[in-house]
Amino acid sequence: EDPELNINHPYYDVARHGIIQLAGDDNSGRKVITFSCCRLPPSHQLNHTRLLEYLKYTLDQYVENDYTVVYFHYGLKSLNKPSLKWLQTAYKEFDRKYVSKTFSSLSVVLLTISFPFPRYKKNLKALYVVHPTNFIKILWNIFKPLISHKFGKKITYLNYLSDLREHVKYDQLNIPQEVIRHDENLQGKQKGKLPPVVKVPPPRPPLPTQQFGVSLQYIKDKNKGELIPPVMKETVSYLKRKGLQVEGLFRRSASIQTIKVVQKLYNQGKSVNFDDYHDIHIPAVILKTFLRELPQPLLTFECYDYILGITSVESCLRVTRCKQIIQGLPEHNYVVLKYLICFLHMVSQESIYNRMTASSLACVFGLNLIWPSKGAASLSALVPLNLFTELLIDFYTNIFNSRTVPGE
């Protein structure tokens, strides 16, 4: 059971099983949500209508942004599988409220594997089905004519856990032990064939011009004491000029190949002209990637538990509590955070055009500013993390008005 899960959570009875988890990012920087069948309790112990509502509750926090789903099929048995009658009823109810008359291809696929997940296909960029059975593949072929080719390309079958490494940040996944043991058994059953050993080269020392994956202090020391990292200054400056009124700014992903090219240019100290790429979402993704690849989050590991406690503070005192937490940051982190939040506040002021309110921005940036020192943040941690970020953006002037740092 998630130690951060509060008994007052509106879906505590379902959430406590850990069936659905937030699991960091994929290799394109999109949020990853996992569904583990082996964590489904026996059907008589779980209200499946509540499970359906919890799925909706969880996904509603992410469906406005690009995201990825990893479905661990192992462990789905007759004992814990919802009845077909219930699935049919749930599908009709869900479909009537959330889906147009167009047949939802996503709900067809997932309904057949007892994962009732309609509507949310627009921003779902990848669905990885791990340890698929032949039955799933047969059903897929049956329903294939009803499913759009575009959506069909999003679904990938992965026979082994090791295959996930190509697509997501594997170490951030909270994979159930039952699934790991099942995977080991499958590997062992191969006829004398062992998976290829992947040789990981020793880490290279960072370049003097390195921007990604190094500390703020390292970047400062290599850039004549400048407090704001060059990649952050350039992306923010570009987005201020050309992106403030772009609808869905920061919600969309970009070509992973292009992002890698731009990262390489920055790391090599070469100039980057975002006009050359004709995609406003590239500098937006680069900014998020920079924050996410810091060795320590901008809000620091030390602040994580304090931030989780924001929901237990009375509403009228929360801004004051945010201010107290921020005051405890190291000077360099404070300056960079202030620079970023000032920009995000500016973006939120244009929400009539870009539809990115403080709340929307918080959903995107919350987990890029703070994460636990071990593993990924749990779903139950999202509410306080996003609330804290939303307060920083909404009350920027109030929260950052009383601390001045030399060289700021």
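The structure is a predicted model, in which local features need pLDDT of at least 70 and side-chain atom pairs count only at pLDDT 80 or more, while totals for chains, interfaces and linings use all residues. Residues are numbered from 1 along each chain as its sequence is written, and side-chain values use heavy atoms, with hydrogens and water left out.

The secondary structure comprises 18 helices and five strands, taken as DSSP runs (helices H or I, at least four residues; strands E, at least two) numbered from the N terminus. Of the 408 residues of the chain, 53% are buried (buried, under 20% relative accessible area; exposed, over 50%; partly exposed, in between; 1.4 Å probe, protein chains only). Among contacts (heavy atoms within 4.5 Å) between residues at least 6 apart in sequence, 76% join residues at least 24 apart.

Grid points are joined across faces, edges and corners, and a volume is the space filled by probe spheres set on the points.

The largest pocket has a volume of about 620 Å³. Its lining holds 23 residues, of which Asp 25, Lys 169, Asp 171, Gln 172 and Arg 292 are closest to the centre. Strand S1 (20–25) and helix H16 (358–369) each give two or more residues to this lining, and S1 provides the largest share, three residues. The lining has 10 nonpolar, five polar and eight charged residues (nonpolar: Ala, Val, Leu, Ile, Met, Phe, Trp, Tyr, Cys and Pro; charged: Asp, Glu, Lys and Arg; polar: the others, Gly among them). Because domain 1 (12–192) and domain 2 (216–400) both contribute lining residues, the largest pocket lies between them; the domain bounds come from an automatic or database domain assignment.

Four cavities of 30 Å³ or more were found. The largest cavity contains about 200 Å³ of space, and Gly 29, Arg 30, Lys 31, Asp 66 and Lys 288 are the closest to its centre among 20 lining residues. H11 supplies the largest share of this lining, four residues. The second largest cavity has a volume of about 130 Å³ and is lined by 15 residues, including Tyr 54.

Helix H16 is mostly covered, with 10 of its 12 residues buried. These buried residues pack against S1, strand S2 (31–36), helix H11 (281–292), helix H14 (331–348) and helix H17 (379–394).

The whole structure has 11 aromatic pairs (rings of Phe, Tyr and Trp, the last by its six-membered ring, with centres within 6.5 Å; planes under 30 degrees apart are stacked, over 60 edge-to-face and the rest tilted). The rings of Tyr 54 and Tyr 57 are stacked, with centres 6.3 Å apart and planes at 25°. Tyr 54 is buried at 4% relative accessibility, whereas Tyr 57 is partly exposed at 27%. Ring pairs link Tyr 11, Tyr 54 and Tyr 57 into a cluster.

Terms used. On a 1 Å grid over the protein atoms alone, a cavity is a set of points where a 1.4 Å probe fits but cannot get out, and a pocket is an open set with protein on both sides within 12 Å along at least five of seven lines; lining residues have an atom within 4 Å of a point.
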